[in-house]
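Please keep the model below in view while reading.

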Amino acid sequence: MSEATIAAISTPTGTGGISIVRMSGDKSKEIIDKIFSPLAGGPIDRKKDNRRMRYGNIVDGDEVIDEVMVSFMAGPATYTREDIVEINCHGSFISVKKILNLVLDSGAVLAEPGEFTKRAFLNGRIDLSQAEAVLDIINSTNDMSQAQGINQLRGSLKDEIEKIRQVLLEALSRLEYSINFTEDGEDLEPDEIIAYMDQAKALIDKLLNTSNKGKIIKDGINTTIIGKPNVGKSSLLNALLKENRAIVTDIPGTTRDLISEYINLGSFTLKINDTAGIRDTEDIVEKIGVDKSIELSQASDLIIAIFDASREFDHEDEKILDLIKDKNTIIILNKQDLDTKFDKSKFALDLPIIEASMTENIGIDKLEETITDIFDTSEINRESVLITNTRHERLLNSAREKLASSLKDIRIGIPLDAVEVDLRGSYDDLGLIIGQSVSDEIMDKVFKEFCVGK
């Protein structure tokens with residue numbers, strides 16, 4: 001790890017009440033002493049002013065750059081376990097840029113994306129899963145995603161992974177004892193080793209079973225609106241967003257491309273996709289849009305299928321019914337403000353049906369209640385640890401496959417030294433989740449997603 005003192009702007013670019021320039025490293029106090037002129041009390045004292053804010057000016061020679069508040073925090077009891085200085089200046093693009101340049105000219109180097117959190121990891125303050133939780137909290141879009149990020153930052157996933165690794169270590173230690181410290185034909189009975197391996201596999205399976213719920217919390221409920229042209233798909237999107245995001249006309253085929261928007265719905269986020277109307281068409285561009293609609297609906301967590309209650313059921317409606325079979329679907333019968341011609345008996349599916357009118361704003365509240373009922377937050381909240389990260393899921397799957405392979409081998413009498421290879425691989429895969437023996441390539445991939453000042 002570089003021993004340079006790093007610096008970056010830690011607040012969003014633009015005009016605001018304050019902006020913060022942050023430093024971390026051994027030279028942080030030396031640099032701030034060069035450029036900070038306190039208005040009272042003398043220079044910053046390492047002990048007396050630790051975790052206190054001091055008022056004064058940032059100066060470049062005789063020029064006052066800005067009036068600021070400076071906070072000095074002595075390592076190792078800091079975010080990075082290094083000395084940290086935060087300069088709170090006015091939220092002017094000019095002020096913060098001048099201060100950052102002055103800090104860099106005084107001996108700091110510009111931080112890379114996520115380098116402050118990377119130093120926290122490398123200095124042993126947090127593990128890799130906790131570092132990723134920091135990013136999850138920054139990017140959280142609803143209460144549940146933020147709560148899950150905080151839970152992981154507190155070490156919930158780390159504790160669970162270490163628990164599984166400890167069980168695997170019990171199996172490994174007995175396996176290696178049998179390989180290295182017993183005579184030929186005197187290997188330990190495998191039952192005790194198998195018991196530990198089965199226990200670890202059950203714990204891995206339990207974690208993996210939370211991944212779908214975790215993705216819904218982190219990424220939102222992937223929701224696709226489907227229906228024939230002119231049934232009210234775009235009107236529904238506008239009603240949920242409470243703004244005119246999608247073009248609404250009486251001309252069939254107006255929506256030809258995918259429109260995606262995010263809305264908060266209670267504790268959840270919905271990623272809503274408004275798609276092209278599903279119908280038979282000779283228009284090449286529209287046909288591409290229809291194919292996209294069908295493809296997207298099959299990969300969605302939830303489908304909202306809209307039918308026009310003022311028109312009779314036809315073969316295109318039948319095609320939509322075929323698409324939603326065995327899918328998580330809510331049916332909306334729109335245009336209830338007009339004369340009803342639609343035969344609801346055509347729905348042989350056991351799915352929630354909502355009678356609605358987009359023009360009269362009828363049925364929207366019922367739709368929101370139904371979505372909340374389907375995705376029961378109380379059930380999700382009962383899970384103490386959820387897998388929300390694709391990297392974690394892939395490593396857990398890899399660890400499970402290797403563990404299953406070693407279990408199969410030991411049960412059919414394969415030599416124990418061969419069994420040990422996959423068992424050790426499973427143990428190592430779990431270690432990669434929390435950053436044990438992690439490669440530079442993995443670290444770079446994780447931290448490049450961070451903003452520069454974090």
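In this predicted model, where local features need pLDDT of at least 70, side-chain atom pairs count only at pLDDT 80 or more, and totals for chains, interfaces and linings use all residues, the side chains of Lys-98 and Glu-63 meet in a salt bridge with an N to O distance of 3.9 Å, a salt bridge being a side-chain nitrogen of Lys or Arg within 4 Å of a carboxyl oxygen of Asp or Glu. This pair links distant parts of the chain, since Lys-98 belongs to helix H2 (residues 93-105) and Glu-63 to strand S5 (residues 63-73), 35 residues apart; helices (H or I, at least four residues) and strands (E, at least two) are DSSP runs, numbered from the N terminus. Lys-98 is partly exposed, with a relative accessible area of 41%, and Glu-63 is likewise partly exposed, at 40%, where buried means under 20% relative accessible area, exposed over 50%, and partly exposed in between (1.4 Å probe, protein chains only). Residues are numbered from 1 along each chain as its sequence is written, and side-chain values use heavy atoms, with hydrogens and water left out.

A search of the whole structure finds 24 salt bridges, and the table lists three of them.

| Pair | N to O distance |
|---|---|
| Lys-98 and Glu-63 | 3.9 Å |
| Glu-132 and Arg-391 | 2.8 Å |
| Arg-174 and Glu-192 | 2.9 Å |

The side chains of Glu-132 and Arg-391 meet in a salt bridge at 2.8 Å; Glu-132 lies in helix H4 (residues 128-138) and Arg-391 in helix H14 (residues 390-411), so the pair ties together parts that are 259 residues apart in sequence. Both Glu-132 and Arg-391 are buried. In the salt bridge of Arg-174 with Glu-192, the closest N and O atoms are 2.9 Å apart, and this pair links helix H6 (residues 156-180), which holds Arg-174, to helix H7 (residues 190-208), which holds Glu-192, 18 residues away. Glu-192 is partly exposed, with a relative accessible area of 43%. Elsewhere, salt bridges that share partners join Asp-49, Arg-52 and Arg-54 into one network.

Which residues of helix H16 are buried? They are Met-443, Val-446 and Phe-447, and, seen down the axis of H16, they fall within an arc of 85°, so they line one face of the helix; the arc is that of the directions from the helix axis to the C-beta atoms. The face turned away from this buried side carries the exposed residues Glu-441 and Lys-445. The buried residues of H16 pack against helix H3 (115-122), H4 and H14.

Phe-447, placed in helix H16 (residues 440-447), counts as buried at 2% relative accessibility. Not counting residues up to four places away in sequence, Phe-447 touches several residues, among them Pro-113, Phe-121, Leu-128 and Ala-131, contact meaning heavy atoms within 4.5 Å. The C-alpha atoms of Phe-447 and Leu-135, which are 312 residues apart along the chain, are separated by 8.9 Å.

For the chain as a whole, there are 16 helices and 13 strands, and of its 454 residues 49% count as buried. Among contacts between residues at least 6 apart in sequence, 67% join residues at least 24 apart.
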